[in-house]
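The sequence and structure are shown first.

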Amino acid sequence: LHNQEHKLFKCKKFRKLTEKGNNFTMVAKSGKTLSKAERLETMLREDIFTRRLADDQAITPELQLAEQFGMSRNSVRRVISKLVSAGLLYRRRGSGTFIVPEQHRDQISTGAKLPHGKRQIVFLSLSTALSEAVFHEENTFGPIFRSLNRVLQPSGYNLLIAHIGIDWQAPPCLLNGDVGGVIFHGEVNPDFWRQHISVLPCVGLQYVNRDLPCDWVLQDNAQRCHEAIKYFKQHGHQRIGFVSNEAEMFLPQERLLGYRMALQEFGLPQDPAWEVVWQRPRVNGVLLGESVMTDYTPYLQKAFATKKPPTAFLCLDNWRAYNTLVALDKMGLQVPDDVSLIGSYNFRHVNGFVFNDKTWHFTHFNCNLEDTCAAAASLLLEQIASGKKQARRTILVQPDLIAGDTVKDIRRSARKTS
């Protein structure tokens with residue numbers, strides 16, 4: 001793609017956790033076990049950025065943290081001082097240490113002395129991909145923060161987080177030249193990229209713009225669709241549909257294209273009516289997260305009005321698969337007896353969905369979000385170490401197919417019937 005070097009990134013595990021009560025061992029990508037101080041810093045940063053600790057809320061007292069992490073009080077104080085210098089915490093004499101309100105963090109950290117030069121990396125979440133509220137949800141923010149920090153922290157880099165709205169206002173850390181590199185997620189405005197990102201080592205996540213000379217790391221959506229259609233076909237399905245309520249978004253469009261290519265590759269029939277695709281509404285130009293179910297019945301009915309309706313659907317993700325399951329039930333169709341479903345999730349989804357007094361574990365793809373982010377951080381560190389920005393590399397991270405209980409082998413049914 002435009003002379004980009006393509007790598008097929010074989011996902012590796014970047015961290016291993018062994019829990020014993022409240023104790024754990026964290027192993028970084030390099031195999032180096034993180035120190036107690038690094039573990040404490042990681043925990044505090046994650047608590048701040050995930051908003052588990054609210055603005056102006058006091059953190060756990062130094063003495064308790066020292067006991068919890070088996071550290072001296074002076075060592076705990078050094079970690080806290082580092083986060084104070086980073087503009088994340090503030091001290092109030094006689095009262096304790098508190099969380100700097102989110103709107104003031106950049107103002108406080110601006111101009112702070114950076115250790116060893118510009119050893120700060122900023123992750124930019126763009127509203128073209130995720131609303132600010134969705135980005136800060138634990139299932140989204142947690143994997144992103146942990147995986148980036150696991151790679152960057154052992155190399156001595158401080159991770160900053162910023163969300164960019166549709167007004168494309170750059171955060172102070174970019175305006176003041178306080179960072180040494182950028183990782184961004186979402187479709188980026190080309191003018192914003194040229195003015196604020198292109199001058200720095202940078203890596204884009206998921207949303208590739210081939211007109212921008214940049215390194216990219218993304219989930220291999222073509223492989224995802226190939227594996228899904230192959231799995232359906234191995235279970236006897238020939239008529240396979242696609243479900244997405246984000247028709248105008250980059251990733252759903254890419255997956256729809258991958259779905260069409262996979263059908264053609266396996267010689268399976270295609271019918272536009274089986275593509276159950278529409279665009280849910282935005283609010284003030286931003287696509288908000290979904291917490292309330294939507295009735296998919298009017299959209300699915302078109303697919304089942306055909307002479308030979310689909311026996312399976314590849315859904316955008318597990319949430320859409322769940323909405324599809326409920327709508328099919330409303331139409332008198334059962335999963336997986338009548339229709340099989342495959343979804344996806346940012347990581348291995350083990351909890352399942354409850355419907356009709358049954359817990360459903362969807363057959364789904366683990367999109368390996370943590371491995372994707374860790375690969376982006378590693379690629380950025382390569383750029384910084386080599387002194388060469390944006391080598392036009394694209395790394396594809398392969399998904400893992402996790403078998404659940406929503407795909408039926410209809411070959412067995414055919415054999416029983418015969």
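## Surface and overall make-up

The model is a predicted one, in which local features need pLDDT of at least 70 and side-chain atom pairs count only at pLDDT 80 or more, while totals for chains, interfaces and linings use all residues. Residues are numbered from 1 along each chain as its sequence is written, and side-chain values use heavy atoms, with hydrogens and water left out.

Of the 418 residues of the chain, 52% count as buried, where buried means under 20% relative accessible area, exposed over 50%, and partly exposed in between (1.4 Å probe, protein chains only). The secondary structure comes to 14 helices and 19 strands; these are DSSP runs numbered from the N terminus, with helices being H or I of at least four residues and strands E of at least two. Among contacts (heavy atoms within 4.5 Å) with a separation of 6 or more, 71% are made by residues 24 or more positions apart.

## Cysteines

The structure holds 0 disulfides, a disulfide being a pair of cysteine sulfur atoms within 2.5 Å. For Cys202, the nearest cysteine sulfur is that of Cys214, 3.7 Å away. Cys202 counts as buried because its relative accessibility is 0%, and Cys367 counts as buried at 4%.

## Arg45 in helix 1

Arg45 lies in helix 1, which covers residues 36–49, and with a relative accessible area of 1% this arginine is buried. Leaving aside residues up to four places away in sequence, Arg45 touches Leu83, Ala86, Leu88, Phe145, Asn158 and Leu159.

## Helix 12

Helix 12 (residues 318–330) has 13 residues, and its end C-alpha atoms are 18 Å apart, which agrees with the 18 Å that it should span at 1.5 Å a residue; the expected span is 1.5 Å times one less than the number of residues. This helix is mostly covered, since 10 of its 13 residues are buried, including Trp319, Arg320, Tyr322 and Leu328.

At the start of helix 12, a side-chain oxygen of Asp317 reaches to within 3.2 Å of the backbone nitrogen of Trp319. Just after the helix, Gly332 takes a positive phi of about 85°.

Key
A polar contact is a pair of N or O atoms within 3.5 Å; within protein, one must be able to donate a hydrogen and the other to accept it, and residues adjacent in sequence count only if both atoms are side-chain atoms.
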